[in-house]
Amino acid sequence: MHSLEQKIGYCFQDSLLLTEALTHPSLKHEAETTKVDNQRLEFLGDAVLQLIFTEELFNRCATVNEGHLTKLRIRFVSKKALTSFAQTLELGSYLKMGKGEIASGGCHRSSNLADGFEALVGAIYLDGGIDNASRFILNHCKDEIQAILAQPEEDNPKGILQEVLQGHDPESPSYHIVEIQGPAHRKEFTSKVIWKKDTLGQGSGLSKKASEIEAAKNALTHSKVTTIIHSTAKKE
């Protein structure tokens, strides 16, 4: 694992923590000698990431309100972002998996890479504390942080909203046109987004798609959605 330690810029005092962080559950199911997997460290790493990104955003975005800070943090901890962080480290090549998972392309699967990255963060935190975990995250993810802060408006709020909600419950949000106004050549559409019978947001635009995007943006600041985000960090 020395080459991975060089990439992350951190040398583990307890190498077993790093091994655990890289052990996919499929290996424990196949190998009787393997007693642990990375799910517990993934749980911990998720909370550590939330804290580090929250503090970084709080310090760097002094004039931004809570709702927008929440939307920015969602982007940092999304599966897309975590997968990108893992790919930069070539983390898939270090993951220990069962033969079946390897054969099905598990080393390249986004969920495995994202989970592995969270587990790695959790392992660094346990081994070296919050300062080392923060140093690793802010150094390794600095390009992504700069890119998101340079483009503070999410270009795919519908995707982010769906990821947040389906991480809590498999039901997908649905969008409905509730009003169409204006002349034929310049109609304005108003949409609302509903999830589990609750209206989470409403938005307007000059096309159906634009109105749905605005509805999703507003839904990301809805109390029910922010509660889910906060509870995800705690892994109820």
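User: Which helix is Thr54 in?
Analyst: Thr54 is found in helix α4, which covers residues 39-60. Keep in mind that this is a predicted model.

User: And is Thr54 buried, exposed or partly exposed?
Analyst: Thr54 is partly exposed, with a relative accessible area of 30%.

User: What does the side chain of Thr54 make a polar contact with?
Analyst: The partner is the side chain of Arg73, at 2.7 Å.

User: How far apart are Thr54 and Arg73 in sequence, and in space?
Analyst: They are 19 residues apart in sequence, and their C-alpha atoms are 6.6 Å apart.

User: Moving on to Thr83. Where is the place of Thr83?
Analyst: Thr83 sits in helix α6, residues 79-88.

User: Buried or exposed?
Analyst: Thr83 is buried: its relative accessible area is 6%, and the cut-off for buried is under 20%.

User: What is Thr83 in contact with, leaving aside neighbours within four places in sequence?
Analyst: With those neighbours set aside, Thr83 is in contact with Ser110, Leu113 and Ala114.

User: Which backbone oxygen does the side chain of Thr83 reach?
Analyst: That of Ser110, at a distance of 3.3 Å.

User: Last one, His29. Which helix, and is it buried or exposed?
Analyst: His29 belongs to helix α3, residues 25-30. The residue is exposed, with a relative accessible area of 65%.

User: What separates the C-alpha atoms of His29 and Gly98?
Analyst: A distance of 7.7 Å, although His29 and Gly98 are 69 residues apart along the chain.

Technical notes:
Residues numbered from 1 in each chain as written. Predicted model: local features only at pLDDT ≥ 70, side-chain atom pairs only at ≥ 80, totals over all residues. Heavy atoms only, no water. Helix = DSSP H or I, 4+ residues; strand = E, 2+ residues; numbered from the N terminus. Buried < 20%, exposed > 50% of the residue type's maximum accessible area, 1.4 Å probe, protein only. Polar contact = N/O pair within 3.5 Å; in protein donor to acceptor, adjacent residues only side chain to side chain. Contact = heavy atoms within 4.5 Å.
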